[in-house]
Amino acid sequence: MSNSLGRHVLAEIYGCSFEILNSREEVEAIMVNAALEAGAEVREVVFHKFSPQGVSGVVVISESHLAIHTWPELGYAAVDVFTCGDQVNPWDACNYLTEQFKAGHMTATEMKRGLVEDPKEAVNL
């Protein structure tokens, strides 16, 4: 990971199924499975369905989080996947989401988080 603490992928997912993006149950299940597909350990899950449409939620993983907000009427989902360590690949989660949402396409940007010039050993205080 070259001195960074984590990888943060911001994904724009377009052309998605209205029905999927408007279902809290489906979005939640797909997000949890995306975390598992990426090799993450799921800790907490919170999702909310808006009226008349849309879903927001977060999957807290040991390695950080996956978050989403959907605009079903536009077939669009804004997703971020933040992972720490070397065991979880955020791109695996984004690709899984794109497939499961029946998306037309995805654009995404990866940021390195916690760029450390001179890494120090962590100490419990």
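These are my notebook entries on a predicted model, taken one topic at a time.

**Entry 1: the sheet**

I began with the strands. I found an open sheet of six strands, and I read its order as β2-β3-β4-β5-β1-β6, with antiparallel pairing. Each of the edge strands, β2 (42–49) and β6 (105–113), pairs on one side only. From one strand to the next, the twist averages 10°.

Next I looked at how β1 meets β6. Strand β1 covers residues 6–14, and nine bridges join it to β6 in an antiparallel run. For a landmark in this pair I noted Glu12, which stands opposite Thr107 in β6.

Which strands does helix α2 touch? I found that α2 (residues 24–37) packs on the sheet against β2, β3 (55–61) and β4 (64–71). The direction of α2 makes about 155° with that of β2.

**Entry 2: helix against helix**

A reminder to myself: two packed helices are described by the angle between their axes and the distance between the axes. For α2 and α3 I have an angle of about 145°, and the axes are 8 Å apart. Is the crossing left-handed or right-handed? I wrote down right-handed for α2 and α3.

I listed the residues on both sides. From α2 come Ile30, Met31, Asn33, Ala34 and Glu37, and they meet Asp92, Ala93, Tyr96, Leu97 and Gln100 in α3. By type, the residues of this contact divide into six nonpolar, two polar and two charged.

**Entry 3: the core**

In soluble globular proteins, nonpolar side chains tend to be buried together. With that in mind I looked up the largest nonpolar core, and it has 29 residues. Leu66 and Phe101 are the residues with the most contacts inside this core. Two or more residues come from each of β1, α1 (18–21), α2, β3, β4, β5 and α3. Helix α2 gives the most, with six residues.

Leaving aside neighbours within four places in sequence, Leu66 is in contact with Met31, Ala34, Ala35, Gly57, Val58, Val59, Ile61, Asp80, Val81 and Ala93. Met31 and Ala34, on that list, are also among the α2 residues that meet α3. Ala93, another contact of Leu66, is on the α3 side of that meeting.

**Entry 4: a serine in β3**

Beyond neighbours within four places in sequence, Ser56 is in contact with Val46, Phe47, His48, Phe50, Ile68 and His69.

Most residues other than glycine have a negative phi, and most peptide bonds are trans. I went looking for exceptions.

- A cis peptide bond joins Ser51 and Pro52, with omega about 10°. I placed Pro52 in the loop between β2 and β3.
- In the hairpin of β2 and β3, with five residues between the strands, Gly54 takes a positive phi near 110°.
- Ser64, in strand β4, is not a glycine, yet its phi is near 145°. I have Ser64 down as buried, because its relative accessibility is 19%.
- Lys102 also has a positive phi, about 55°, without being a glycine. This lysine sits in the loop between α3 and β6. Lys102 counts as exposed because its relative accessibility is 60%.

**Entry 5: towards the chain ends**

Last, I looked at Asn124, in the segment after β6. Asn124 is exposed, with a relative accessible area of 80%. How far apart in space are Asn124 and Asn3? I noted 20 Å, C-alpha to C-alpha, for two residues that are 121 residues apart in sequence.

How values were computed
Residues are numbered from 1 along each chain as its sequence is written. This is a predicted model: local features need pLDDT of at least 70, side-chain atom pairs count only at pLDDT 80 or more; totals for chains, interfaces and linings use all residues. Side-chain values use heavy atoms; hydrogens and water are left out. Two strands pair if DSSP finds at least two bridges between them. Helices (H or I, at least four residues) and strands (E, at least two) are DSSP runs, numbered from the N terminus. Axes are lines fitted to C-alpha atoms, for helices over the stretch in contact, and angles run from 0 to 180 degrees between N-to-C directions. Contact means heavy atoms within 4.5 Å. A crossing is left-handed if the near helix is turned anticlockwise from the far one by less than a right angle, and right-handed if clockwise. Ala, Val, Leu, Ile, Met, Phe, Trp, Tyr, Cys and Pro count as nonpolar, Asp, Glu, Lys and Arg as charged, and the others, Gly among them, as polar. A nonpolar core is a set of buried Ala, Val, Leu, Ile, Met, Phe, Trp, Tyr and Cys residues joined through side-chain atoms within 4.5 Å. Buried means under 20% relative accessible area, exposed over 50%, partly exposed in between (1.4 Å probe, protein chains only).
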